[in-house]
Amino acid sequence: MRVIRKLAGAILLVVVIAAIGASWFAPTDYAAQFREAPNASPSRQHWLGTDEIGRDRFSRTLYGTRVSLLLAPAAALLSTLIAALIGGVAGCLGGIWERLAMGVTDLFLSLPWLFLLITVRALLPLNVSPFASALVTFLMLGLLGWAASARILCAGARALRRSDLVVQARALGVHGVRLFAVHVLPNLRPILLAQFLISIPVFILSEANLGILGLGVAEPMPSWGSLLKELEGLTSLSDQPWKLVPLVLLMVVVTSFQMVLSPEEVTA
Amino acid sequence: MLSRIIRHLLAIVAMVIFGGLACASLVRFASGFDTDEQQLDLRLSAESLQALHESHRSEKNLSQFYITYLKRALHGDLGVSHSLNQPVASLLRGRFPDTLRLMTMGLALGWAIGLGLAFSTALPRFSAYSFLGVALSGVLLCIPAAVLALLSVVVNAPAYLAVALIVFPKVFTYSRNLLAKAFSSPHIITARAKGLGTLRILLWHVLPVVAPSLLALAGVSVSIALGAAIPIEALCGLAGVGNLAWQAALGRDLPLLVNITVVVTLVTLLANSGADVLSHAMRGKQA
Amino acid sequence: MIRRVSYLSLTILIVFGISSAQTGSELRFCLRNEPKTFNPLLVEDDASETVRYLTGGVLVRSNRQTQKLEPELASSWKLSKDGRVITFQLRKGVFFSDGTPFSADDVAYTVKQMMDPALHSPTGDAFRSTPGAVSTHVLSPHRIVVTFPAPVADLDELFDQVAIMSAHSPNKEKAVLGPFMLADYKPGSSLLLKRNPNYWKSDGQGHKLPYLDTIRLDIQPNRDIELLRFKRGELDLINSLDSEYFDRLASSSPNLVRDAGPSLDSEQMWFNQVAQAPIPDYKRKWFRSTNFRRAISLAINREDLSRIVFNGHARRAAGPISAANKFWFNQDLRPDPYSPDTALAKLQLDGFERRGGVLYDASGSAVEFSIITNAGNKYRERMAILIQQDLQKIGIKVNVVTLDFPSLIERISQSFNYEGAILGLTNVDLDPNAQMNVWLSSSENHQWNPQQKAPETTWEAEIDKLMREQASSFDPKKRKKAFDQVQEIVVEQAPFIYLVNRNALSAVSSSVQGAKPVILRPQTYWNVEWLTRRTEVAAR
């Protein structure tokens, strides 16, 4: 298992280096259109072929890594922190505060936030830069993606509130923020970690879906989400299996994250 | 216990009403609210276009709309969908069973696989499954829901399989982490040192500890399944509430959206409240 | 002996095959959306239109192949010289699907309903050239006169869209005169139409039409799944096939795909010229300049749009009318060539200057604008990206923004908070009158600057005058001359920058007999009563 962890760490490092150095490693600009060769198969000029308007897929995958690998984990961290604050604190406090917080959380889970995103798009200027648009998108995802985990964190914090560990800490005079930060939060780590690990691919995929609202990473800048959206043309995959490369890359990165960050295996 | 249930039910009613209002507000103030695709129909005369604009007038005043909606809803009239020209009540009545079936089967299967694999990570005989579970959940988290739905059509698999494959990685990831944490706690280490069997430890000492979080996850997974139902129903051609919700959203169909939100809020609240009540009951038993 | 047996077997097989083909079975294809209405007078979406076409009986029918008007429920008709009065002689012995007899009363009822101002029927609005009541006069059970308050151009052709409703039947929407009737409807899932036992038409041998027993329409918005099901044999036709699916299908089954050539539809781009639009003044100045718009048009490589976006299944557009519309297309018009140098020269006339790869206007502002289009339409998204690159070559920065349709409509028709837009125009009618609401400056659909109290430019005033002139004339030559001038002005002033006309692509299963795909809608099943489906027995 340790060997696998080290391997996972190495993979992540390679991907991060490739993303940072995309400008050097990419054979072409991500927006360059080779119009004489749209939908080309892999070749020496285009290692992963070209897309439907002749852009080099390998270059776009590299540049897309930069956007997705930077912003998705940041958004995942944001949603995890918000979930920890709301769910964790509510579970610690209990009583009316817990009921209120969880009621708001349940409502949050039920509302069609699509319309808030439509409003955000309407408020943004049309000529916003692709990166700014991506930033706003992931920020919104981070701000809206905390509710499911908050509920689970609340249940965990509630159980901890009654545990010997916390009772003893209280008896020793530890209260408030210190109790939460030092004794409760570390014990919620498994749930926080799960939330973080799940959110990364979910946000990457959601960013692409938000293109329908005018949010997401604007063309011609690529993102993993926009590259993965091509998979919805499922019937073409048998002829163009290289379209699966971004999916494989995302799977490898997400699995590597899980391997690196997951707790050591403890079995009975 | 009974007073707790009644308190929960009252809170649910209040939240549902508030949820409907919140939805109405979000839709009302979203861009494109009082537009209609029909506006682009070149045949329409100026008078018809004017009538089209006027037809949404009753929805422009939010408070008036919502109060009227609540009054009618008490008599069973949920309004008329203007994107489908049908009464909302009959639309929901006709479509809800399909979605319920899809979600129930998907959740059951997703939990069975997720929890099963998560438990196996705790058992030494099956520890290899840990890697399988991590890899599988990582893979499934990365596949867009739309692609899973399309795959289910391509291979002629039932649509609930796609829901299960969306629910499973979340259930597995949370459960695995919770179980791993529980297994590393001092009292479990003590129990193992004293020679207690694996199954006994799992059932008597680990499960009770993780049960509240798992129950909360169960409640939340209903929302996850509902969210997954939208693209899956749309792509698999299932006539469910998810499909309806997507059409309603694109058409800014306020009456339909408010009712769907009310239904979703109700289901979410019932699921999560149920989890809370069960959790409380278990705590009571343990005490 | 063996040869005789073989000939006999072959003959039996052929006869059985023909009779099997003619005894009919089920035709299956998809609707992209749920039908919004079954009232034929309120049809405005494609799915409802499909149901209307298959179930509705009309007085006259425009043959989609020959584009000539043919008698249907009306055995003959006569149009008055002033274009206000039309007299129909109706067929005798025709019954609705529920058995109620068809007569002039039903036509009168339908016209009255259609022209009721309170109904706001899109079908009725097509007849409404001026306000005023429409009167009907039933001369006999099978003869009726319909009088309009003002001349209506192409009046008889418009009745192709009017499905006659029953005046006396208790269930008006269900009593139909068309080849099929609605048998079952599963909301969100499918519709089943079955043959109308009382359909009036027969073939030359006296067999009652339609040949098919049923039509199953599945509601399926996803094109990939539609193609998959077609390949599996679960569907018999795809009425409007995307170009990338066309090529995919053609590579494995070339006999199943049909390219009927350029359709009447167009894809175009335009700039926001609304005076009150919330855009910077300097940008509004660009968009209102003819030189600017013409330059943009010259900088766009339409050949690439056709070749790359539509895989060659589109033609460069020369103007508002597709070349496929042989009579109305102005034959002197040519698509703008791709010429970045000429584009820059035109821009220089307005004081634009390219420095360091960036184009600046006379006041020193870098030329940058956004183009909005509807999300989910991958062809428009791809066109926008190609145009983005084309314009970058002359130093213009373009931001492509895809929006959901309601948000897009809101921007182009209410808030006017946009700069450039790409959309398409679906033309179901050959006659340019159908586009009246695009060209009249007072109209809501005069996209670049709608609802003008008075025309803001001389060329828009000229277009208004010419469109009214051709609408009030009945001399095809005069109408053609006026509309040719409209087309010339439009190309010269470029309020719309026409990009391409897409080809009419479809797919038809080999088991379907009699399909002759055309460019006019509905492309593949316009002659549905004559279609047959070879049964499995005959195939064996």
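Q: Before anything else, what counts as a helix or a strand here, and how are they numbered?
A: Helices are DSSP runs of H or I with at least four residues, strands are DSSP runs of E with at least two, and both are numbered from the N terminus. Please keep in mind that this is a predicted model.

Q: Okay, with that settled, which pattern does chain B follow along the sequence?
A: Along the sequence, chain B reads α-α-α-α-β-β-α-α-α-α-α-α-α-α, and its secondary structure comes to twelve helices and two strands.

Q: And how many helices and strands does chain A have?
A: Chain A has twelve helices and zero strands, and its pattern, read along the sequence, is α-α-α-α-α-α-α-α-α-α-α-α.

Q: What box do the C-alpha atoms of chain B fill?
A: Taken along the principal axes, the C-alpha atoms of chain B fill a box of roughly 85 × 50 × 30 Å, while the C-alpha trace of chain A spans about 75 × 50 × 35 Å along its own principal axes.

Q: How much of chain B counts as buried?
A: In chain B, 55% of the 287 residues count as buried, and in chain A the share is 59% of 268 residues.

Q: Let's turn to where the chains meet: how many residues of chain B are in contact with chain A?
A: The contact involves 61 residues of chain B and 55 residues of chain A. Between them the two chains bury about 5000 Å², and 73% of that lies on carbon and sulfur atoms. On the chain B side, B:Leu26, B:Cys142 and B:Tyr174 supply 13% of the area that chain B buries against chain A, more than any other three residues.

Q: How many salt bridges does the rule find across the interface of chain B and chain A?
A: The rule finds two salt bridges across the interface of chain B and chain A. A salt bridge joins the side chains of A:Arg158 and B:Asp276, at 3.7 Å from N to O.

Q: And what area is buried between chain B and chain C?
A: About 3200 Å² is buried between chain B and chain C, with carbon and sulfur atoms giving 50% of it. Of the area that chain B buries against chain C, B:Leu40, B:Leu42 and B:Arg43 supply 23%, more than any other three residues. This contact takes 37 residues from chain B and 40 residues from chain C. Two salt bridges are found across this interface, and B:Arg252 forms a salt bridge with C:Asp404, where the closest N and O atoms are 2.6 Å apart.

Q: Back to chain A, then: which residues make the nonpolar surface patch?
A: The patch of about 700 Å² is made by A:Leu85, A:Ile86, A:Val89, A:Leu93, A:Ile96, A:Trp97 and A:Leu100. Helices α3 (57-93) and α4 (95-110) of chain A each supply at least two of its residues, and the largest share, four residues, comes from α3(A).

Q: One last topic: which residues of α7 in chain C are buried?
A: In helix α7 (residues 243-252) of chain C, the buried residues are C:Ser243, C:Glu244, C:Tyr245, C:Phe246, C:Arg248 and C:Leu249. The buried residues of α7(C) pack against several elements of chain C, namely α6 (223-232), β12 (257-262), α10 (302-309), α12 (378-392) and β20 (496-508).

Terms used:
Residues numbered from 1 in each chain as written. Chains lettered and ligands numbered in written order. Predicted model: local features only at pLDDT ≥ 70, side-chain atom pairs only at ≥ 80, totals over all residues. Heavy atoms only, no water. Patch = residues over 30% accessible without salt bridge, like charges linked within 9 Å, V, L, I, M, F, W, Y side chains within 5 Å. Areas by Shrake-Rupley, 256 points an atom, 1.4 Å probe, with all protein chains shown as cover. Salt bridge = Lys/Arg side-chain N within 4 Å of Asp/Glu carboxyl O. Contact = heavy atoms within 4.5 Å. Buried area = accessible area lost by both parts, 1.4 Å probe. Buried < 20%, exposed > 50% of the residue type's maximum accessible area, 1.4 Å probe, protein only.
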